[in-house]
Amino acid sequence: MAAQKDFTFHPKTMQRISITPRNNWQQTVEGLGFGFHTADVPYWDESAYYTFTMAEIEKLESTTTELWDLCLQAVQYVIDNNLFDQFKIPQFMVQHIIDTWNNDAPAIYGRFDLCFDGKGEPKLLEFNADTPTSLFEASIIQWFWLKDFDEPKDQFNSLHEKLIDYWKYLKGYLYDDTLYFTCVKGVLEDFTTTAYMQDCAMQGGLETEFIYIEDIGWDNENEFFVDLDNKPIRNIFKLYPYEWMANEAFGKNLAIDTMKAMWVEPSWKMILSNKAILPILWQLFPYHKNLLPAYFTRSNLKDYVKKPFLSREGTNITIVENEKLIANSDGNYGAEGFIFQELCKLPDFNGNFPVIGSWVVGQQPAGMGIRESNGLITDNLSRFIPHLISEV
Amino acid sequence: MKKSKAISLILVTGLLSCNRNHQQNRLYMRTDTTGNYTAGRAGYHGYYAFRPYGTYYGGSYVRQGYSNAGVHTSEGSVTRGGFGGSEGFHVSS
């Protein structure tokens, strides 16, 4: 299991190390419940790992704390200035969003995607605030990889503990009733992530149930959501985006629900999961060290990334450098509008381009996962690469 | 960076593990506050072979996944299927 370096970036900074994967690693990760490690191409990839110094990890931690604080201020600004139209948020959701914000409705997590090369300041690419995925592999799978690979080493990873602790804390803010967990049918990745989150809530002492989102019922007479036994749903964690829910048959029911069910994440996360938040952040905190210039128009940018307000998996992205197209991706997004963000090129480790996914749980930074692509767009073919801290 | 002494996967390994037995006991214990996890035992049993399936935890059954063959889209005043129709998209972000 000896590691062989194929790339020396700098002895005191972030590095990518090529290694031989564990024997029977597929069986090992499947034993942990990780069944989506390989699709058409490998997703979980332990043929390499990244190393960070403790100083770099502390920088990522403090950046995550800072960005979370900026984001909360930005939400208040959007609400105070009634900018919902600019975000293309449906009018019927506005009061729901305001209510969940003013009532401090329970929220548990989010993932900042950062451009970071170990030397400069981490830069915010976007914030996955509503349905961040890759949670299970970041929290559990890479931790057990570290145990097998280099047990004395540490990792930027307290996700599991913080999730349990925060569910325990949120118990007092939810209705005194069952907490449901829901995701779409037929997608193992979503089911695993949702099951993992339910696992953490159970360990936090909450009473839980699972229901597929297609099976959620609406009681037309009493106007509330119900489970398969027609019992009212009052608390529910969803791995399903608000912008999809809002456009579906039950979408408007969110606003008229007589039970006022607590959806986790709360609907105010619609503001932060929308890339329209990026120009707002830049407007509110210009030249902040962890932000990139971003606008609703191209403005004076020569090197930029054009992103739809709501795209996922790197779809409908256009990257322009010196006014020339250098990368783009297809997809079904963009009808709602685009933002323009100054290009921050991902670091190039021998043709591998990592994005740092830095997690916030509750109000605290909680760990990170790295997804790596062969180009500047991190898409649905990106790989999850584990990491470790190389020095204390 | 982990603070706890023990990490356990109550539900996930019971439901999704490919090394599973019909009844499982699986707990990963840490030996100290800064060390890693070691396999141990816990007092729960995970099931997945039945429908509905789930996990016994804390003396009660937690449903996690089920057959919905008997679910109707409309039952009296209840309508189902109003969420989940955004086909062609993927939740991953």
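Two strands are said to pair if DSSP finds at least two bridges between them. With that in mind, let us turn to chain A of this predicted model.

Strand S1, residues 15-18 of chain A, and strand S2, residues 48-52, pair in the antiparallel sense over four bridges. A:Ser18 stands opposite A:Ala48 in S2(A), and the bridge partner of A:Gln15 in S2(A) is A:Thr51. S2(A) is also joined by three bridges to strand S19, residues 387-389 of chain A, and these two strands run parallel. Here A:Phe52 stands opposite A:Ile389 in S19(A).

Taken together, the three strands form an open sheet in the order S1-S2-S19 of chain A, with mixed pairing. S1 and S19 of chain A have a single partner strand each, and therefore one side of each is left without a neighbour in the sheet. From one strand to the next, the twist averages 30 degrees. As a reminder, strands of a sheet pair through backbone hydrogen bonds, either parallel or antiparallel.

What packs on this sheet? Helix H4, residues 135-149 of chain A, touches S2 and S19 of chain A, and its direction makes about 60 degrees with that of S19(A). Helix H2, residues 54-80 of chain A, lies across S2 and S19 of chain A and runs at about 85 degrees to S2(A).

Are they buried or exposed? A:Ala48, A:Tyr50 and A:Phe52 point one way from the strand, A:Tyr49 and A:Thr51 point the other way, and all are buried.

The largest nonpolar core has 76 residues, and A:Phe52, A:Trp263, A:Ile271 and A:Ile277 touch the most other members. H2(A) contributes the largest share of this core, eleven residues. Leaving aside residues up to four places away in sequence, the contacts of A:Phe52 include A:Met14, A:Ile57, A:Leu60, A:Phe116 and A:Ile356, as well as A:Leu388 and A:Ile389. Apart from this core lies another, of 58 residues, among them A:Trp145, A:Leu170, A:Trp359 and A:Phe384. In general terms, nonpolar side chains in soluble globular proteins tend to be buried together.

Let us now move to a second sheet. This open sheet has four strands in the order S6-S5-S9-S10 of chain A, with parallel pairing. Its edge strands are S6, residues 208-210, and S10, residues 262-264, each of which pairs on one side only. The twist from one strand to the next averages 25 degrees. Strand S5, residues 179-182 of chain A, is joined to S6(A) in the parallel sense over three bridges, and A:Tyr180 has A:Glu209 in S6(A) as its bridge partner. Helix H6 of chain A packs on this sheet, touching S5, S6 and S9 of chain A, and its direction makes about 165 degrees with that of S6(A).

Finally, how do helices H5 and H6 of chain A cross? The axes of H5, residues 159-170, and H6, residues 188-203, come within 7 Å and cross at roughly 60 degrees. That angle makes H5(A) oblique to H6(A). The crossing of H5(A) past H6(A) is right-handed. On the H5(A) side, the contact is made by A:His160, A:Leu163, A:Ile164 and A:Trp167. On the H6(A) side, the residues include A:Tyr196, A:Met197 and A:Cys200.

Thank you for your attention.

Notes:
Residues numbered from 1 in each chain as written. Chains lettered and ligands numbered in written order. Predicted model: local features only at pLDDT ≥ 70, side-chain atom pairs only at ≥ 80, totals over all residues. Heavy atoms only, no water. Buried < 20%, exposed > 50% of the residue type's maximum accessible area, 1.4 Å probe, protein only. Axes fitted to C-alpha atoms, helices over the stretch in contact; angles between N-to-C directions. Contact = heavy atoms within 4.5 Å. Core = buried A, V, L, I, M, F, W, Y, C linked by side-chain atoms within 4.5 Å. Parallel < 35°, antiparallel > 145°, perpendicular 65-115°, else oblique. Left-handed = near helix turned anticlockwise from the far one by under 90°.
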